[in-house]
Amino acid sequence: MPKETARSQLPAPANSNATSLNPETLHAIATMVAQKRSVSAVLATIVESLVEQLQLALARVWLVQPGDICDACPMREECPDRSRCLHLVSTAHTQSNPGSGHEWHRPDGFYRRFPLGIRRIGSIGASGKSQRLSDAADDREWFARDDWLRREGVRSFVGHPLIFDNEILGVLAVFSRTALSDQEFTWLRAFADSAAVAIANARAFEEIEELKRRLELENAYLRDAVDGQGPFGDMVGKGAALQSVARQIELVAATDSTVMILGESGTGKELVAREIHRRSKRAHNLLVTVNCAAVPRELFESEFFGHARGSFTGAYRERVGRFELASGSTLFLDEVAEIPLDLQSKLLRVLQEGELERIGEERTRKTDVRVIAATNRNLKKEVEAGRFRNDLYYRLSVFPIEVAPLRRRKEDIYLLAAHFVEKIARRLGRPVPQLTLATMQKLQQHDWPGNIRELQHVLERALITSPPERLRLPELTSGSEEVARGATVGTSADEAPLTAAELRRLEITNLRKALRVAGGKIYGAGGAAALLGMTPTTLSSRLKALGLRHQRLS
């Protein structure tokens, strides 16, 4: 409910010189507080409504929380226990002289923390017993800022503990310019009890929302995992290269060792990671995947470690990072070479210490994650070039597995093609065509620069364009061959062929043109990859290989 609408339901204060503290007003405020679903909204509504409706000088709420600024806390020397204290979490005020320039009401001022058991606020928070001063003018030793009492005309103070289920959550304190009676003291105590229930309920709501968001995120991961299975359902093939990978998976899966999967784009590195997880002791938990190449640089830390609400512009709610989400499970870092150098030290700490902090938090969280990384780049050369940390390279490469490209697995092409054709045909609702000897020979003669992913896409395109029960393959040519053929249309057959350098220049020109037409976009509809008939990862690899990495946008 909007603040203005909610407050309009409250009785208007009688005048500026006296409170309108009565059961009806407090009940209306308590009802409005109870309707809030976030702790911050509950706390703000408590103090703002009390000050506005009761014409108080000041209303504040402190909550019991872990000590966090002990080294800088102005009450450090008075604090007997630096593990927990009262944190000022909400404050509202009215000033008798707004132009005085005094900022006694600041939420980050001297009284932002109170040690439990120290002074009146701390005593209330430790004992759970309410306190009242009916005439502060006659008893100013209780408050260090005697000048503030005189300037603001504060006459009385009431402090009540916020107790829920026999647990002291914090302290509600009000400072009034009028003397508060015994009856008003009792009414405020009943309100404090209602406020404590509202705070506890809001905490429960936030916890439910956090669990809901976590469940939604896990469901999204599961949907991606199911979708990603598609035609890649199992590791398909019987060749020596695949059998070697299978033996390595068997050796390392049962351990918690970090695995580095090496191989060109499209060779099935993620499938190997899923198989390792499936055979591990963590298989009952979700495999969490991060495509490091698809994460914007400024969001890497939030993506990996999470962030607190309000920690930066746009952080409207807390976020659970991938490492925290994968605790007790396996985290697959695809394209790990894309992680920014300045973040690699933090990643190394998580791998070595099992600890992380969300952005905007000082709390250290423990995590138990088994990491599997993958890359299509030569990490040793990246280390030599200063783009990848040497210590992180060795930490990730405890057990390297190299996945062979499809051109070195020609003996598996028939099994892979049959597997893909059946899966794709079922998905398209078409009869499964037979693979002829001529088709297989054509498939085996191609070098497959895009590897298994290219094979899958070629077969899907063939099934879409072929008549029922008959498979017609499109012409199999590499990207550079297509560029060369397009550039030489209309030339005579006896002209000299293009050199490798000329082909490279033509390919660069074509890729730049595609990026320009797509507005620098690689992924999705209208992206450069779609315009070129290539997969985004294949296009990214070609851009890097041709020295056009700076052109890459996602």
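Predicted model: local features only at pLDDT ≥ 70, side-chain atom pairs only at ≥ 80, totals over all residues.

Biologist: Is His 277 buried or exposed?

Modeller: Buried. Its relative accessibility is 7%, and the cut-off for buried is under 20%.

Biologist: What does the side chain of His 277 reach?

Modeller: The backbone oxygen of Asn 285, at 2.9 Å.

Biologist: And which residues does His 277 touch, leaving out those up to four places away in sequence?

Modeller: Arg 282, Ala 283, Asn 285, Leu 286 and Leu 287, plus Ser 329 and Thr 330.

Biologist: OK, aromatics. How many aromatic pairs does the structure hold?

Modeller: Eight. One of them is Trp 62 with Phe 114. The centres are 5.4 Å apart, with 75° between the planes. That makes the pair edge-to-face, because the angle is over 60 degrees.

Biologist: Where do Trp 62 and Phe 114 lie?

Modeller: Trp 62 is in strand β1, residues 58-66, and Phe 114 is in strand β3, residues 113-115. So the pair ties together parts that are 52 residues apart in sequence.

Biologist: Trp 62 first: buried or exposed?

Modeller: Trp 62 is buried, at 2% relative accessible area. Phe 114 counts as buried too, at 6%.

Biologist: Which residues do ring pairs link into a cluster?

Modeller: Phe 300, Phe 304, Phe 305 and Phe 323.

Biologist: Last one. What lies over the face of Phe 185?

Modeller: Arg 132, at 5.4 Å from the ring centre.

Notes
Residues numbered from 1 in each chain as written. Heavy atoms only, no water. Buried < 20%, exposed > 50% of the residue type's maximum accessible area, 1.4 Å probe, protein only. Polar contact = N/O pair within 3.5 Å; in protein donor to acceptor, adjacent residues only side chain to side chain. Contact = heavy atoms within 4.5 Å. Phe/Tyr/Trp six-rings, centres within 6.5 Å; stacked < 30°, edge-to-face > 60°. Helix = DSSP H or I, 4+ residues; strand = E, 2+ residues; numbered from the N terminus. Lys NZ or Arg CZ within 6 Å of the ring centre and 35° of its normal.
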